[in-house]
Amino acid sequence: MRRIILIGSILVVAIAIALAFWSNSKEKASSVGPVTLITRLNSDILGTEPGGSRDENTDTVIMQIGEGLVGLRDDGSVAPLLAESIKVSSDGREYQFKLRKGVSFHNGAPLTSAEVIWSFERYLSEESEWRCKSDLSADGLAPISAFKAQGTDTVVVTLAKPAPLFLKILAKVDCHGTAVIHPASLDEAGKWRAPIGTGPFKFNSWQADRYIELVEFDSYSALNSPATGNVGNKTPLVDKVRFEIIPDSTAARTALQSGEIDLLDGVAPSDVTPLKKTSGVTVVSQPLMDVYALLLQTKDPVLANPQMRRAIALSIDVQALARNTTNGTATANSSMVPVSSPYYKGGHRDLIRRDIALAKSLAAASGYRGQTIKLATNKRYPQMFDAAVLIQAMAKEAGINFEIETFDWATQFDRYADGDYQAMTFAYSARLDPTFNCATVIGRKADEPRKVWDDPMSQALLAQSAAATDDESRQMAFDKLNARMRELTPLVVTYNPPHVIAWRSGISGVKTWPALQQRLWGVSKKP
């Protein structure tokens, strides 16, 4: 009996100790406070409205907040996101999206077909400046003729013609994934207020040129499949995400080394080696599908002649340019098809070879007499500025005179959008499909001044690449586009950079992919 009492006493004491330990642990955990993951943007965002003004930084923030019917996997293929299932009619023109159950917006309202239709109407409205509007309009790659709701959980979209790339267009990162947003994102007067989406993080605050802060959406409805690209399990694992705006790359690297930020996505080439030597910092890299290029305004009197544009291309040593502007981390490329694409083969692998004698001959034949050509660039992206300096020096050897004009990024982007330049060093963010890469540059300048390649034959080839349902036909279209681009030279593609991410110890779950958009769901931080 005494032994039983003794054992019982010991058990009581053990339980008391365990309860005390649990209580202290809980109190200690709660005293840590919210866990905030701090990352960096190299400039401020352009807005918070899905489908509004965009660049890579804006895409990054909005894609944490909003989700569309479908999204992209790491390999560029499409998977359902807000859609539970997708049925396509036998003629390839009707798409029926059944919505997932249990999904709610950040304001607590349930996702229904009404919000999907409202979002589509907003994106395709006459006043909309949504990047994908032209793709889904009458002359686009996948023209929508009608969309309607069938009950509260189904949306039917009808196309004017079969379009194999329709779902990929909806999922494009630069089009914000055609994010479904709640009408309460607008105020009573119909003016944009703040995004109310269904994504893993909610918009919290924005201090211009300082930071953007998002908070965990604790009612987020995650998929059960593994996270990949912008789909799968996107459960948020931190309480807050804070995007610190740090324009200077060296300052950003120092901030990571000192612990002021936790994560540095898009590490500058010059900072890769110092970060690899920093204790407690992990650095990973993956080929990126971004395209860096020299844009040439074909409407400009000096550059209107293809021979002159060809002369400029032949004056550039793209291997040396790629090596010297990216510290040897990029891969030289003269094709709009990125080197990591399965369609990068044959003639796409052939670099434009520098030929100063031929460049001089072609320039003279075009009527060029040494006129100054203004070359727009910026210092937000050091690679673009360094490329401008090298292009200026290389072209000088062929008697071609560039004058560098350095703008802040917002001004340069506006000039790009308006087609207001003679020449410009520029970069196109990853599209994960060569048709979309080519579509960024091909089009009618009268409709979209940002298009650099206004050529009916190229537009027809682009349409062929979008309509083809087999790889062989698509490859043929891309091959012809590549040959046509080298003949007309509306731009000079120079290289594809790597995607380099660095993070401090205590951070886990970070993953690279062929796009530069940061994905912060699934990333955790030890308190």
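**Exercise 1. Describe the packing of helix 14 against helix 15 in this predicted model.**

*Solution.* 
Step 1. Start with handedness: helix 14 and helix 15 cross in a left-handed sense.
Step 2. Take the geometry. Helix 14 spans residues 456-467 and helix 15 spans residues 471-488. Their axes lie 8 Å apart, at an angle of about 160°.
Step 3. Classify the angle. Angles over 145 degrees count as roughly antiparallel, so helix 14 is roughly antiparallel to helix 15.
Step 4. List the contact. Helix 14 supplies Met457, Ser458, Leu461, Leu462, Gln464 and Ser465. Helix 15 supplies Arg474, Ala477, Phe478, Lys480, Leu481 and Arg484.
Step 5. Sort by class. The contact of helix 14 with helix 15 holds 6 nonpolar, 3 polar and 3 charged residues.

**Exercise 2. Work out how helix 8 and helix 10 are arranged, and which residues meet.**

*Solution.* 
Step 1. Assign the hand: the crossing of helix 8 and helix 10 is left-handed.
Step 2. Find the partners. On helix 8 they are Gln307, Met308, Arg310, Ala311 and Leu314. On helix 10 they are Ile356, Leu358, Ala359, Leu362, Ala363 and Ala365.
Step 3. Count classes. The contact of helix 8 with helix 10 has 9 nonpolar residues, 1 polar and 1 charged.

**Exercise 3. Characterise the contact of helix 9 with helix 11.**

*Solution.* 
Step 1. Take the geometry. Helix 9 (residues 318-325) packs on helix 11 at about 145°, with the axes 9 Å apart.
Step 2. Assign the hand: the crossing of helix 9 and helix 11 is right-handed.
Step 3. Name the residues. Ala320, Leu321, Asn324 and Thr325 come from helix 9. Gln383, Asp386, Ala387, Leu390, Ile391 and Met394 come from helix 11.
Step 4. Divide the contact of helix 9 with helix 11 by class: 6 nonpolar, 3 polar, 1 charged.

**Exercise 4. Find the buried residues of helix 6, explain how they are arranged, and name the elements they pack against.**

*Solution.* 
Step 1. Pick the buried positions. In helix 6 (residues 249-258) they are Ser249, Ala252, Arg253, Ala255 and Leu256.
Step 2. Look down the axis. The buried residues of helix 6 fall within an arc of 155°, so they line one face of the helix.
Step 3. Recall the helical repeat. An α-helix has 3.6 residues a turn, so residues three or four places apart point the same way.
Step 4. Identify the neighbours. The strands that the buried residues of helix 6 pack against are strand 1 (36-41), strand 11 (263-265), strand 12 (281-287) and strand 19 (498-504). The helices are helix 7 (272-276) and helix 11 (382-396).

Conventions. Residues numbered from 1 in each chain as written. Predicted model: local features only at pLDDT ≥ 70, side-chain atom pairs only at ≥ 80, totals over all residues. Heavy atoms only, no water. Axes fitted to C-alpha atoms, helices over the stretch in contact; angles between N-to-C directions. Helix = DSSP H or I, 4+ residues; strand = E, 2+ residues; numbered from the N terminus. Left-handed = near helix turned anticlockwise from the far one by under 90°. Contact = heavy atoms within 4.5 Å. Nonpolar A, V, L, I, M, F, W, Y, C, P; charged D, E, K, R; others polar. Buried < 20%, exposed > 50% of the residue type's maximum accessible area, 1.4 Å probe, protein only. Arc of directions from axis to C-beta. Parallel < 35°, antiparallel > 145°, perpendicular 65-115°, else oblique.
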